[in-house]
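Hi,

Here is the structure I said I would pass on.

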Amino acid sequence: MLGLLTWSFNLLNPKMFSTAKNPLFYFNSFLQQVGEVGLLLFDTFKNLFKKPWEKRIFIQQLEQIGVRSLPVVSLTAAFGGLVFGLQTYIGFHRYIGPGSETYGGPIISLGLSKELIPILVGLMVSGRVGSAIAAEIGTMKITEQIDALFSLGANPTRYLVVPRTLASLIMLPCLTIYGDIIGMAAGFFYNTYIMGVNRVLYIRNTLLYMELWDIMSGLIKAAVFGVIIALIGCWQGLRTEGGAEGVGRATTRAVVIASILILIVNFFLSMALPADL
Amino acid sequence: MIRIVDLHKSFGQNKVLQGVNLRLKHGETLVIIGQSGCGKSVLLKHIIGLLKPDRGKILVDGVDITNLKDDELHKITKRFGMLFQGTALFDSMTVGQNVGFGLERYTDFPQEEIKELVKENLAKVGLIGIENLMPYELSGGMKKRVGLARAIAYRPDIMLYDEPSTGIDPIRADAINDLVIRMKKELKVATLIITHDMVSAYKVADRIGMLYAGQIIEMGSPEEIKNSNNQVVQQFIHGRAEGPIKNW
């Protein structure tokens, strides 16, 4: 009992965590980083409604995150839709029999809109935008530009984090809708034009079994991924240290952490969101 | 004007400031000298509110700024203009946008007036017609001058300079020193400069203080500093490797 108490008190002792050899160091470091992200999220939310609103940066970020991601989302969604269409066709043809492939339509649409497209868009934007955010803010940090912002009356969270998070929150669902359309069209193209599945039945089955909620749940996920990408990018940028090497490290971490979080959060959101309404 | 009382700051086990006390009076130029890494920049970042001390007070006209929230702090720091060591110009903005940044935040002036003030302040530091250039198109000396124009644009009454002559050649450094003196005379500002450049320090200072081992160990006029009996001060101002300062 006493041993347990001593161990508990030791947990409160900062010296216990000060050495990298101690496993508790890593646990403490993890908790500290979770705390940093939590505080940044809180600070971002707190500053969301405070003036002055950084309209110019917000619009720039809408373009940077949304419009400029269109080519990469188009390609990813198109080939995602094609390969998903291909495997669905094979599955129906092999296991249920010829003629059943028309039921591939709703399966493809459901799989794409609920899972594949939000994940693909999230991962692609994380690689493209999360890294850019971390690199830009990281460079500003090591060249004292963030200190200069503060000294010139701008709150760095309000100026840097809020517009990026808000733009990412808005643009990820927009990119996902766009990706859904491209992906579903690619699946339709593969099944009907290449494999000769009946177009009318394919579309009829898709419309019959597909629900608006399937698309909506994908958009909810995309919005959450948007916040994750921007917040992790900003967080890594703001804690950058050590010159060019530090910026490189922050960029890599931003992509890796955001990508892993997207996959983990996607699973829990899939569990939490109802299958239909 | 600014009074620093018993300021302490540590980063982990590293005790950077260990009881700094100093006072900056209206209209004077105070230069803080010290080795690289002795905590000069840390001291400056406390004054501008970028860092919070572990202990101690920073009083600006009697108001302790160490516990103020950001919005309240900005009402005080509006009175500060700061020239950063690496100039810290925003590289995504033009020179004009850089100089106008503080004006947009600290004043209600319309855009046209801000544009005029940007031109006027750039002219004050000897730069004309460069509003539309990007910072990467400027030389080191020009960047310093744009940084200075940005710092003085909204008429602060306290100027803070972080190593103003570092990274530029001696002639440009002297031109920056002249600008510092001119700004003080024209704008009637109190000036705090941190540097390890003794040529600049002697030229611009009314008083010089030396920061060593986390404390101000000597304070006086340039002549008093030159004639100081303190061996640490003598070693530093003469730039000698031999002496009581060993941790270089």
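By a nonpolar core I mean a set of buried Ala, Val, Leu, Ile, Met, Phe, Trp, Tyr and Cys residues joined through C-beta atoms within 7 Å. Bear in mind throughout that this is a predicted model.

With that in hand, the largest nonpolar core has 125 residues, and the members that touch the most others are A:Cys234, B:Val31, B:Ala149 and B:Leu160. Helix α7 of chain A, residues 156–194, gives the largest share of this core, with 15 residues. As general background, nonpolar side chains in soluble globular proteins tend to be buried together.

On the chain A side, which residues is A:Cys234 in contact with, once its neighbours within four places in sequence are left aside? They are A:Leu40, A:Ile133, A:Ile137, A:Leu160, A:Val161 and A:Arg164.

On the chain B side, B:Leu160 takes us to strand β7(B). This strand covers residues 158–162, and five of the five are buried, so β7(B) is largely enclosed by the rest of the structure. A residue counts as buried here if 20 or more other C-beta atoms lie within 10 Å of its own. In a regular strand the side chains alternate between the two faces of the sheet. In β7(B) both faces are covered: B:Met159 and B:Tyr161 are buried on one side, and B:Ile158, B:Leu160 and B:Asp162 are buried on the other.

Then there are the strands that pair with β7(B). Strand β6 of chain B (residues 80–83) runs parallel to β7(B), with four bridges between them, and B:Leu160 has B:Met82 standing opposite. Strand β8 of chain B (residues 190–195) is also parallel to β7(B), this time over five bridges; there B:Ile158 has B:Ala190 as its bridge partner.

B:Arg155 is not a glycine, yet has a positive phi of about 55°. B:Arg155 sits in the loop between α5 (140–152) and β7 of chain B, and is partly exposed, with 16 other C-beta atoms within 10 Å. B:Ala213 also has a positive phi without being a glycine, near 50°. The loop that holds B:Ala213 is the one between β9 (207–212) and β10 (215–220) of chain B, and B:Ala213 is partly exposed too, with 15 other C-beta atoms within 10 Å.

Cheers

How values were computed
Residues are numbered from 1 along each chain as its sequence is written. Chains are lettered from A and ligands numbered from 1 in the order in which they are written. This is a predicted model: local features need pLDDT of at least 70, side-chain atom pairs count only at pLDDT 80 or more; totals for chains, interfaces and linings use all residues. A residue is buried if 20 or more other C-beta atoms lie within 10 Å of its own, exposed if 12 or fewer, and partly exposed in between; C-beta atoms are placed from the backbone. Helices (H or I, at least four residues) and strands (E, at least two) are DSSP runs, numbered from the N terminus. Two strands pair if DSSP finds at least two bridges between them. Two residues are in contact if their C-beta atoms, placed from the backbone, lie within 7 Å.
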